[in-house]
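User: I'm new to this and want to walk through a structure. Can we start with the overall layout and then look at some details?

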Amino acid sequence: MNMVSYEPFVTEDGRTIGDAVMELRNITLRFGGVVAIKDISFDIREGEIRAIIGPNGAGKSSMLNVISGFYTPSEGEVWFEGRKRPQMRPYQVARQGIARTFQNIALFSGMSTLDNIMTGRITRMKSSLAAQALWWGKAEREESEHREAVEKIIDFLEIQHIRKTPVGRLPYGLQKRVELGRALAAEPRLLLLDEPMAGMNVEEKEDMSRFILDVNDEFGTTIVLIEHDMGVVMDLSDRVVVMDYGKKIGDGPPDEVRRNQDVIDAYLGVSHD
Amino acid sequence: MANRGASTVELCSVPALLARNARAFGDKPAYREKEFGIWQCWSWAEAEAEIRALAMGFLALGLERGEYVAVIGRNRPAHYWAMVAAQMCGAVPVPLYHDAAAEEMAYVLDHCGARFVVCGDQEQVDKVIEVQDRVHQIEHVLYNDKRGMRKYDHTHLHWLKDIEEEGRAGHSRLEPELDRRIAELTWDHTCVMLYTSGTTGKPKGVVLSNRNILETARASCEFDHLGRDEEVLAYLPMAWVGDFIFSIGQAMVAGFCVNCPESPETMMTDLREIGPTYFFAPPRMFETMLTNVMIRMEDAGDLKHGLFKHFMEFAKTTGETYGMPRYRKKQSKPTLRRRLRWGYRYAMGIGFAIETIVENAVRGFFVRLRHPLEARKYFKAKGPLLNLYPQPLRDYFNYRTGEVLVYGPLKNTLGLSRIRVAYTAGEAIGPEIFEFYRSLGINLKQLYGQTEASVFITQQPDGQVRSDTVGVPSPGVEVKIGESGEVFYRSPGTFVEYYKNAESTASTKDPEGWVATGDAGFFEEGTGHLRIIDRAKDVGKMADGRLFAPKYVENKLKFYPDILEAVVFGASREKCTAFINIDLTAVGNWAERNNIAYASYQELAGHPRVLETIQAHVEEVNRSVADDPMLSGCQIHRFLVLHKELDADDGEMTRTRKVRRNIIAEKYADLVGALYDGSTSIYTETEVTYEDGRKGSIKATLEIRDAKVAQPARNGQVAA
């Protein structure tokens, strides 16, 4: 084990946070002359909700893309589950148990909710393409297993009424929920949420927050989220990484981050109390 | 074990009926619920096993005889089972409205003193925990849906499945006790306690005994020939007496299957998937369904739209005769013979359609031969050239064609294709809506009832259905009309008492068992059908002693799409007059199509052509009111169309959109005065409150119109 072991700690609401699932060591990401991420290190622990915040252009989404394996860091190492991750294609990363949602909804708008969530199961399907096309033998059995898993997610996210509706016809808040469902369908160990609340009204935000907490609580999924809504971040997350101009300027529990002078200056503005 | 739970021959409790059903047809479906996208099914035998396990679990927790067990949740099999399990233990289930706020729940939980509360999900548990510091007697909270419950303190909180397991584990110890308790149940044991919704004052707990529920259920099952092959969809609140009668009383007596929707949002889809044969819905639901059909028809292509219009028009006169399902005395399986018969009918329908086309072609040919220049005119003329069929047969075949092309698909879309009996109740249903469904061949009927009567007071027998009556007294029910016109009833279903409220019990139910309904009505001569006219307290007398029932006339007016609200005045006056509110969507739509320009609601409401239309409606209503010898005094002599919509923000209506007669009369005293002093127009200023609380005022000059009054059908008849 090349991984630093931590004392498990217990959060305010009584959940136990375990060892690090992922460690990012001295990550630097360059696009030509532009340095998007400058020498950042932090870890993500088993079962926690980890938030990444920062002003626009701070490199949050790039960081998420590094975690998801979409970008390969120019320098630095990504350690996942105690092993150094080699350069991988995104689908290989997905098979490792990392799923994500996107800032701009990326669903198949002509397909039904059910089918969209079903696509989340693809990495877990074992039968061959030909068998699936013919829907014969193993493929048939496999499909009912996957359908069951998908139905559990539909039930969990309370979207039974739109099961057969093409997602293109759904309102924005529900589409976001379907996207979360698709990510959950892969039964990820690590779930990456890129601005899950962007563009939502208060009620939709409340619903989404509840679902994120429930996912974390019921499935024990580790969650990394990027969010702009400070109230949401401070309420949801266990630990927060603050980025500014590609650098890490703060890391710790929400309260600590809130008191950090660098963070206040860079992002939250000057405190008035 | 052969006769477990059924030591009584006469099956005088729900658990006894459950045991009978499990014994007699144990493998037939008893409950279905859609979960994970699939209809999960429990047979009677499986349901009995589950319920018994749950009951033993209750015993293990120490549930005593005569205790109250509150059940809060949406329609799910487990909640019904919890109610029956409580009955098995000799306890009384008390279903509560699951959408009630914690405050309302606190009152009811405190009043019934329940130690056990069965909750549907986390939301309900939270509410119960919230009130627990005020309602101290709650000991055990049980929940059905595990989701989100992991972190709760489980010392007094139990998952229903765990309780069941506990019951199963201790069955050797608990089973004899359970059987003893089931055997103890008699006709006079309380079957259920239901709280009235409490629109006036505190909710009252209506105690209904086994006799009340089961005798009523038995009589009503016989009335409509309900058998064990019925399918019902349980979607109405469990705390409402109707759901208890339909989903527990009648389901147990007749042995039919209760289907629970997946979630409230999927109700319409689930309705279509199940295709119930027996269905209940409030008028509003039928209205919404019809509106949706109409809106979708507007968007349909010309061919579909034309077909729909043609066949719906045709069905108006023929649906009642050719469309209704046979009033079968007994339910039976779709036998080969019946299927063949249907196949034959469909074939005949299609054959007739082809025949019609061919015939028209032939006819067209001959007509063109004879009258080449005026062919079109002659071709349009009615009456067949080749008169192969007599008229009734033509209608029959036409209807069958319509069934294939329009009625069948439409009923299928609505999820009503298999309906044998459908009921609506609660308020008046518009005759057009009512006739729309009936003309499709849906046996929609009306009933009149209340919690205190275990639902049924009167209902319409097959073949005697009309939109303006509520039917004849249900079997075993006696109905009489009091001095004041109030309806009284006495039946085996009459409630035992209001729980811990002897005073209200005494004022509602007299020693002989007659119960006052609070509604005024009368029996129609000749047919013996009851007609409800109004709440008894709103019914008054006019100056000359004739009966005044404002709601009756207002409802008739409101059935016109153009009229949104109407307020009729006339108590202790010579004549009746009315305020009318137009419906902006309907009238606005009409104005658009007729090139009538308007800038505001007020302008549209004052437009002479609108007034003409409204006047025509009023006069039509007058004619129909005049047909009623008892209510002919309520004809509207003069009316005006109000310049603003009656609104809850101005205190003119309640939040549930019921007009506040007295406040309106006070506020618009000048207008009421003008209606009676003979002036033809009046200038008025009205204060209005905008949604943000600011006040403003509207000035208007309103035109007052006289409406023609029809001669009463039979003169000199005065209300008793």
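**Domains, contacts and a few details**

Analyst: Let's start with chain A. Its domain assignment gives domain 1 (1-97 + 190-210 + 222-273) and domain 2 (108-187). Keep in mind that this is a predicted model.

User: How many Å apart are the centres of domain 1 and domain 2 of chain A?

Analyst: Their C-alpha centres lie 28 Å apart.

User: And how many residues are in contact there?

Analyst: Nine residues of domain 1 of chain A are in contact with seven residues of domain 2 of chain A.

User: Which elements give two or more residues on the domain 1 side?

Analyst: Those are helix H2 (90-96) and helix H7 (202-218) of chain A. H2(A) gives the most to that side, with three residues.

User: What classes of residue are on that side?

Analyst: The side of domain 1 of chain A that touches domain 2 has six nonpolar, one polar and two charged residues.

User: OK, chain A and chain B now. How many residues does the contact take from each?

Analyst: The contact takes ten residues from chain A and nine residues from chain B.

User: Which elements of chain A give two or more residues to it?

Analyst: On the side of chain A that touches chain B, they are helix H5 (138-156) and H7 of chain A. H5(A) gives the most to this side, with four residues.

User: What about the classes here?

Analyst: The side of chain A that touches chain B has no nonpolar residues. Three are polar and seven are charged.

User: Let's move to chain B. Into which domains is chain B divided?

Analyst: Chain B is divided into domain 1 (14-260), domain 2 (283-422), domain 3 (448-464 + 481-535) and domain 4 (540-706). The C-alpha centres of domain 1 of chain B and domain 4 of chain B are separated by 47 Å.

User: At what angle do H2 and H6 of chain B pack?

Analyst: Helix H2 (residues 44-61) and helix H6 (residues 160-169) of chain B pack at an angle of about 85 degrees. Their axes are 7 Å apart.

User: Why are H2(B) and H6(B) called roughly perpendicular?

Analyst: Angles of 65 to 115 degrees count as roughly perpendicular. The angle here is about 85 degrees, so H2(B) and H6(B) are roughly perpendicular to each other.

User: Which residues meet there?

Analyst: From H2(B), they include B:Glu50, B:Ala53, B:Leu54 and B:Met56. From H6(B), they include B:Leu160, B:Ile163 and B:Arg168. By class, the contact of H2(B) with H6(B) has eight nonpolar, two polar and four charged residues.

User: Now the sheet. What is the strand order?

Analyst: The order is S17-S18-S20-S21 in chain B. It is an open sheet of four strands, with antiparallel pairing.

User: Which strands are at the edges?

Analyst: Strand S17 (478-481) and strand S21 (530-535) of chain B are the edge strands. Each pairs on one side only. Neighbouring strands of this sheet are turned by 50 degrees against each other on average, direction ignored.

User: How many bridges join S18 and S20 of chain B?

Analyst: Strand S18 (residues 486-490) and strand S20 (residues 515-523) of chain B pair over three bridges, in the antiparallel sense. For B:Glu486, the bridge partner in S20(B) is B:Ala520.

User: What follows H1(A)?

Analyst: A:Gly69 follows H1(A), and its phi is positive, near 85 degrees.

Terms used. Residues are numbered from 1 along each chain as its sequence is written. Chains are lettered from A and ligands numbered from 1 in the order in which they are written. This is a predicted model: local features need pLDDT of at least 70, side-chain atom pairs count only at pLDDT 80 or more; totals for chains, interfaces and linings use all residues. Domain bounds come from an automatic or database domain assignment. Two residues are in contact if their C-beta atoms, placed from the backbone, lie within 7 Å. Ala, Val, Leu, Ile, Met, Phe, Trp, Tyr, Cys and Pro count as nonpolar, Asp, Glu, Lys and Arg as charged, and the others, Gly among them, as polar. Axes are lines fitted to C-alpha atoms, for helices over the stretch in contact, and angles run from 0 to 180 degrees between N-to-C directions. Angles under 35 degrees count as roughly parallel, over 145 as roughly antiparallel, 65 to 115 as roughly perpendicular and the rest as oblique. Two strands pair if DSSP finds at least two bridges between them.
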